[in-house]
Amino acid sequence: MTPWDKLREECGVFGIRTEGAPAAPLAHLGLYALQHRGQESAGIATFDGARTHLVKDMGLVAAVFTPNRLETLSGATGIGHVRYSTMGSASLENAQPFLEQSPWGTLALAHNGNLVNAPSLRRELEDAGHRFRATSDTEVITKLIAASTAPTLEDAVAGCMRRISGAYTVVAMARDTLVAFRDANGIRPLALGRLGRAVVFASESCAFDQIGGEYLREVRPGELVVADAAGVRAIQVLPVVRRAACVFEYIYFARPDTVIERQNVHQVRRRMGRLLACEHPVAADAVIAVPDSGTSAAMGYADASGIPCEVGLIKNRYVGRTFIQPDPSSRDFGVRVKLNPIREVVAGRRIVLVDDSIVRGTTSRQIVRMLRRTGAREIHFRVSSPPILNACYYGIDTSSRGELVASRLSVEEIRASIEADSLGYLSINGLIEALALPRQDLCLACLDGRYPTETPTEAMAGRHALETSGLSP
């Protein structure tokens, strides 16, 4: 288990249909741009007019897709995926895309999110004779579509959308037809773009920039978009009763250069930092970000407070999510191998330390201790999100409320636990003001406990929901 105390999200998806140009090299580049969304496994599937090809493996994009492997992925239509597991273990069996034979040819499918009714749907499919090889809800979606008796792929996907519940953004292909669809609440992001005459879908618009493409718009909540030989068409399959975009896409998950709902994420985070400074001012000598997630908010805090923004922590970008500790009893090793303070910036000074969130509190405490050892005179911790009080069942790895420090301790108790001189969180009202979006259009469940779907449980949508023990009657 990584000692790094950060929220982790399930995955990123990418899909492209060109007018004859190879899809795999473009999908490969797109996945590089989405690597921050998942580092456990990566995969690409393509269709060459006759056959569907698949390469997927454990590891980062650069390790999985060697030149020889990319050469095997011929065809002008393709989908790609990077994964971090929140339902089902980190294993090759759960790596995506999934393939399944269907009436419309081999169906390849990749998914970001979490279903809250996957166990019941899987039982139903098993009772009908379907056998599962993995423990991911993505396999449930794939089999639901492939097993449909609908007359067209479009109808089969629409039927699946009406049955699955929770958070999902999906790209899929059958032969040279590419589809993308999104849950009725629009919890996870999915964007539509173009590259010349090619149609492109991605979890984030930064993937379009990577391939030289253009962002057009978001795939709307409840919408199915189909790209085939006849062109591109959009069908509103599900009525939108309530939009509920995940606020943590803006706070932490999305890359700063991504555009969501026509808002640049960096600028939104900078506004969060400005409002944080107004809500929690303090006398200090330097504002320092916890890189990289706190950088934009730290700049905003400095803007509003007039305190200089300094580079005080250097991130080692060549350390993966897991590594071998030389001594298991070595205190704070996980932080020290990833972050190093600049003594000349920190020593003898009053520091405002800005981060996007505090999840379990262990890393925050280790960073504070490290800065004190470096000579910081005072450390004032500022967080550009409200306290995380509740579990997320929509594609973030916090399906157990007990692991969240803010669900157990008050703000003052958290301050004492992380050993800071003061602690301030951005308020929910401040967050909404920074986002410039109506509160009713946001999913704030992890902050206020109001879930946009039926209230899920860990048994319904937790990491082990589809393990054998979780499926016993």
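Contact means heavy atoms within 4.5 Å. Buried means under 20% relative accessible area, exposed over 50%, and partly exposed in between, with a 1.4 Å probe and protein chains only. This is a predicted model, in which local features need pLDDT of at least 70, side-chain atom pairs count only at pLDDT 80 or more, and totals for chains, interfaces and linings use all residues. Residues are numbered from 1 along each chain as its sequence is written, and side-chain values use heavy atoms, with hydrogens and water left out.

**Helix H10**

- Helices (H or I, at least four residues) and strands (E, at least two) are DSSP runs, numbered from the N terminus.
- Helix H10 spans residues 295-305, and its buried residues are Ser296, Ala297, Ala298, Gly300, Tyr301 and Ala302.
- The cover over these buried residues includes helix H9 (265-279) and the strands E17 (286-289), E18 (309-310), E21 (350-355) and E22 (378-383).
- Gly306 follows H10 and has a positive phi, near 80°.

**The open sheet**

- Two strands pair if DSSP finds at least two bridges between them.
- An open sheet of 6 strands has the order E5-E6-E7-E8-E12-E13, with antiparallel pairing.
- Strand E5 (98-102) and strand E13 (231-236) are the edge strands, each pairing on one side only.
- E5 pairs with strand E6 (residues 105-115) in the antiparallel sense over 5 bridges, and Phe98 stands opposite Leu109 in E6.

**Helices across the strands**

- Axes are lines fitted to C-alpha atoms, for helices over the stretch in contact, and angles run from 0 to 180 degrees between N-to-C directions.
- Helix H5 (residues 137-146) lies across E5, E6, E7 and E8, running at about 140° to E6.
- Helix H6 (residues 153-163) lies across E6, E7, E8, E12 and E13, running at about 20° to E8.
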